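Let's walk through this one together, strand by strand and helix by helix. Have the viewer open and follow along.

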Amino acid sequence: MTDITPFPDVVNLAVPLFIAAILAELLWIVIKGRGGRYETRDALTSLIMGAGNVASGILLGFVAYGFFMVLWNISPLDLGTSIGVIALCFVLDDLRYYWVHRFGHRIRWVWASHVNHHSSQHYNLTTALRQTWTGTFTFMMVVRAPLILLGFHPGMVLFVGGLNLIYQFWIHTEAIGRMPRWFEAVMNTPSHHRVHHGRNPRYLDCNYAGVFIIWDKMFGTFVPELEEDKVDFGLVRNLGTFNPIRVAFHEWISIFRDATQPGLTWRERLKYCVMPPGWSHDGSRETSTAIKARFLADHPENTGTPGFPLNR
Amino acid sequence: MPLSILLPMVVVGIACIAVLLHLLGLSRRATLPDTAAARAAWLREFPADAPIHVTLCDNRSAALIATETRRGVVWPMGADTTARYLTGARARRTKTGLRLNLPDYTAPQIHLALDPDEVAAWQDALKETA
């Protein structure tokens, strides 16, 4: 079983592409006067978050890679590195991404890491780079364990994960409306992902896909972009700071403050860490489910429309 | 990619994009053209707590909000806005207006450009809130 990985770090190699594409999108918006918005401090924060994500990968990447190599060394399976195996690994890793991303919105401990990606009120290619600095601490690397144990080399798994991230870069734009129907049916697109970044009650907690939107359709979390409900980007409660340190750590601080407040049972302290964002022991806050329910109480005509299933 | 190439590329790339955005005039902060806009900006953050009174500051950069039970503030976040309740806020007069310190890690400080008369009114409102 070989420990030599022939796979490059594609995300780092794509950095020049990211910079060129951002400049191209900006030029398009400025010349055409449509297709999205840019704002200096917002974009700067997003880009610094992206640089910090690369730095955290360099500093902490050994934790996940070490874990994967331990699994690789105990696995009796080795599927090799043929094109077919890489393609299969890409698809299975995209399924892995779907679930990690879904956990990232439904488990506060994981949301604490992912929230910064949603913290911009803009939606442009710099938003794609507004990535976490604290992903290692979510322990979501365990969701990749089955792939390694099945015989996919850790280097290959990280390689296809990098390709997945690069694919997701271009869908963070308002400059592209809709792709051809067949493409929209199978692939994650700017339209589908705009919905995912929406703070409208209809668009909360949906479209978790990385590359293939079929996972959302299979698992019942797909919501289409509706003309009559224009996507409002950002968080349910938007941040009042552009400070990257606060953007990166605010939800972790919030978890700590909630879980250590006096008078709680240990069960309640644990729930502040693992229940969906917005959960509180006294019901004083709103989860996405409560937000949708309140919206439907005010707008019952939306019941049964996308994002507001009848059984909620 | 070696760090000796990646690091300068990232730093220069970020700096160039930021400078370009500024030169293109994309650093302008949002303004609140009227009380309806301030009200809408508040409801965007707190849809279940409608304002009963909105005090827009003269330069239209922020608004003091009163709801049935609490007071809050709407202010620009770059080209957009956000809002917070003023519970626990501490105000300090500055050369250009007021600085609000909130007990909120996601919105620790708000700088408000206010006329001297407005400063007094806002400080009175904050005393009522505290």
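This is a predicted model: local features need pLDDT of at least 70, side-chain atom pairs count only at pLDDT 80 or more; totals for chains, interfaces and linings use all residues.

Residues are numbered from 1 along each chain as its sequence is written, while chains are lettered from A and ligands numbered from 1 in the order in which they are written.

Strand β5 (residues 90-93) of chain B runs antiparallel to strand β6 (residues 97-101) of chain B, and four bridges join them; two strands count as paired if DSSP finds at least two bridges between them. Look for Ala91(B), which stands opposite Leu100(B) in β6(B). On to the next pairing: β6(B) also pairs with strand β7 (residues 109-113) of chain B, in the antiparallel sense over five bridges. Here Leu98(B) stands opposite Leu112(B) in β7(B).

Chain B has another sheet to look at. Four of its strands form an open sheet in the order β1-β2-β3-β4, with antiparallel pairing. β1 (51-56) and β4 (80-85) of chain B are at the edges with a single partner strand each, so one side of each is left without a neighbour in the sheet. On average, neighbouring strands of this sheet are turned by 25 degrees against each other, direction ignored. (Axes are lines fitted to C-alpha atoms, for helices over the stretch in contact, and angles run from 0 to 180 degrees between N-to-C directions.)

Now go through the pairs. β1(B) and β2(B) run antiparallel and are joined by five bridges, with Val54(B) opposite Ile65(B) in β2(B). In their hairpin, which has six residues between the strands, Arg60(B) takes a positive phi near 60 degrees. Strand β2 (residues 63-67) of chain B then pairs with strand β3 (residues 71-77) of chain B over four bridges, again in the antiparallel sense; Ala66(B) has Arg71(B) as its bridge partner in β3(B).

What lies across β1, β2, β3 and β4 of chain B? That's helix α2 (residues 35-45) of chain B, running at about 125 degrees to β1(B).

Zooming out, chain B is divided into domain 1 (1-28) and domain 2 (35-127), with bounds that come from an automatic or database domain assignment. The C-alpha centres of domain 1 of chain B and domain 2 of chain B lie 33 Å apart.

How do the chains meet? 29 residues of chain A are in contact with 26 residues of chain B, where contact is C-beta atoms, placed from the backbone, within 7 Å. On the chain A side, α1 (10-13), α2 (15-32), α3 (40-74) and α12 (244-259) each supply at least two residues. α3(A) gives the most, with eight residues. By class, the chain A side divides into 14 nonpolar, eight polar and seven charged residues. (Ala, Val, Leu, Ile, Met, Phe, Trp, Tyr, Cys and Pro count as nonpolar, Asp, Glu, Lys and Arg as charged, and the others, Gly among them, as polar.)

Terms used: Two residues are in contact if their C-beta atoms, placed from the backbone, lie within 7 Å.
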